[in-house]
Amino acid sequence: MSPRPAPKFPDWPQFDDTERQALDRALTQGQWWRMGGTEVESFEREFAGYHGAQHALAVTNGTHALELALQAMGVGPGTEVIVPGFTFISSSQAAQRIGAVAVPVDVDPDTYCVDVAAAAAAITSRTRVIMPVHMAGLIADMDGLDKLAADSGVQLLQDAAHAHGAQWQGKRVGELGSVAVFSFQNGKLMTAGEGGAVLFPDEEMYEQAFLRHSCGRPRTDRRYHHQIAGTNMRMNEFSAAVLRAQMTRLDAQIEVRGQRWQAFSDLLAQIPGVRPQSGDPRADRNPHYMAMFRLPGWSEERRNLLVDRLVEAGIPAFAAFRAIYRTAAFWETGAPAESVDAVAERCPNVEAISQDCVWLHHRTLLASEQDLADTAAIVAELVATG
């Protein structure tokens, strides 16, 4: 454990009277679900407008948002979805749970986002969707992915669970021409404890998704005419009211985190053996969902011990995601007809990042510059003695 005092980090989630008033507004309107209230529809308009999208559909959580988006894009039994091997497992499970095969591919060793060439090599006649994950808020190479999609005829689904407010060459996520999915889970950049949203570029796909998220039932139906197979993924009015409040402080928090990351990543880069996640100049607005860095050459056990010591020192540190194909859950259903070793062989960067990467909760980047300097000093001490 470091002898230094623990830095002071803001609590997360953050809330104030804005959320309290929003909850009271939802409570007193007298209708607490989306079909009778106004909060969900208002949030959808505001969230779509903020991201430059034509349509937004709010749902129960980010994993459901991925499942719903994939269904709307024609994914199901007999199809494949290409996903980065380094991501939270919802990215692959969403495809697997609706009957598709999830095909893991390698990522870039510096940005941790999907490698376009690896995605291209994995395309088959069954591939329906490529799912780039905007890791830690850094938008994946959308130029390369757009070209790949145009050349191959395969659709893109942006997993933007980390990327609220992100931009690529001045374009917001909803302006990039493809479906995008967000999460509002408790740790996300804006949260209602749980929740999700899908941005759609066209009305037809949005309307189909609306039916599927509401048990296949049209908005005005009074005779139980369920038109297509669906389930209940409807967001409630209280969650939407909280999310509307959360949006009011998102821009200011993104600004602070962006400034802090510039200084903090410079400090991390000065520590021997530490390599912070790199950026991409085309990703010109990064909300920094995580402060990520690698320790090239470290074993998973050594990395895990460092994380434990950082937590003991008062720093909200976490081991990076395990490679999705190195979990038992991945192989239960919808896995490719390959061995673990075969997948790992074509994902060398995923293998390395999964064992040597550490991430810090984004609330660290809302702390003072001095607290971040102290954090970097603690990282340096523990790395040196680790």
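This is a predicted model: local features need pLDDT of at least 70, side-chain atom pairs count only at pLDDT 80 or more; totals for chains, interfaces and linings use all residues.

Biologist: In which sense do strand 11 and strand 13 run, and how many bridges join them?

Modeller: Strands of a sheet pair through backbone hydrogen bonds, in either a parallel or an antiparallel sense. Strands (E, at least two residues) and helices (H or I, at least four) are DSSP runs, numbered from the N terminus, and two strands pair if DSSP finds at least two bridges between them. Here strand 11 and strand 13 run antiparallel, joined by 5 bridges. Strand 11 is also antiparallel to strand 10 (residues 275–276), with 2 bridges; Pro276 has Phe293 of strand 11 as its bridge partner.

Biologist: Which residues of strand 11 point one way, and which the other?

Modeller: In a regular strand the side chains alternate between the two faces of the sheet. In strand 11, Met290, Met292 and Arg294 point one way, and Ala291 and Phe293 the other. Buried means under 20% relative accessible area, exposed over 50%, and partly exposed in between, with a 1.4 Å probe and protein chains only. By that criterion 5 of the 5 residues of strand 11 (290–294) are buried.

Biologist: What is the strand order of the open sheet?

Modeller: The open sheet has 7 strands in the order 1-9-8-5-4-2-3, and its pairing is mixed. Strand 1 (55–59) and strand 3 (101–105) each have a single partner strand, so they form the edges, with one side of each lacking a neighbour in the sheet. On average, neighbouring strands of this sheet are turned by 25° against each other, direction ignored. Axes are lines fitted to C-alpha atoms, for helices over the stretch in contact, and angles run from 0 to 180 degrees between N-to-C directions.

Biologist: Which strands does helix 2 lie across?

Modeller: Contact means heavy atoms within 4.5 Å. Helix 2 (residues 39–51) lies across strand 1, strand 8 (179–183) and strand 9 (196–200), at about 130° to strand 1. The expected span of a helix is 1.5 Å times one less than its number of residues; helix 2, with 13 residues, reaches 18 Å between its first and last C-alpha, close to the expected 18 Å. Its buried residues include Phe43, Phe47 and Tyr50, and the buried residues of helix 2 pack against elements including helix 1 (17–28) and helix 8 (237–269). Just after helix 2, Gly52 has a positive phi of about 70°.

Biologist: Where do Ala136 and His288 lie, and what is phi for Ala136 and for His288?

Modeller: Ala136 is in the loop between strand 4 (127–130) and helix 6 (142–152). Its phi is near 60°, a positive value in a residue other than glycine. His288, in the loop between strand 10 and strand 11, likewise is not glycine and has a positive phi, near 55°. Ala136 counts as buried at 1% relative accessibility, and His288 is buried at 9%. A further backbone feature is the cis peptide bond from Trp12 to Pro13, with omega near 0°; Pro13 is in the segment before helix 1.

Biologist: Which residues lie nearest the centre of the largest pocket?

Modeller: On a 1 Å grid over the protein atoms alone, a pocket is an open set of points where a 1.4 Å probe fits, with protein on both sides within 12 Å along at least five of seven lines, and lining residues have an atom within 4 Å of a point. Grid points are joined across faces, edges and corners, and the volume is the space filled by probe spheres set on them. The largest pocket holds about 400 Å³. Of its 24 lining residues, Phe88, Ser90, Ala161, Ser183 and Lys188 lie nearest the centre. Helix 3 gives the most to the lining, with 3 residues.

How values were computed: Residues are numbered from 1 along each chain as its sequence is written. Side-chain values use heavy atoms; hydrogens and water are left out.
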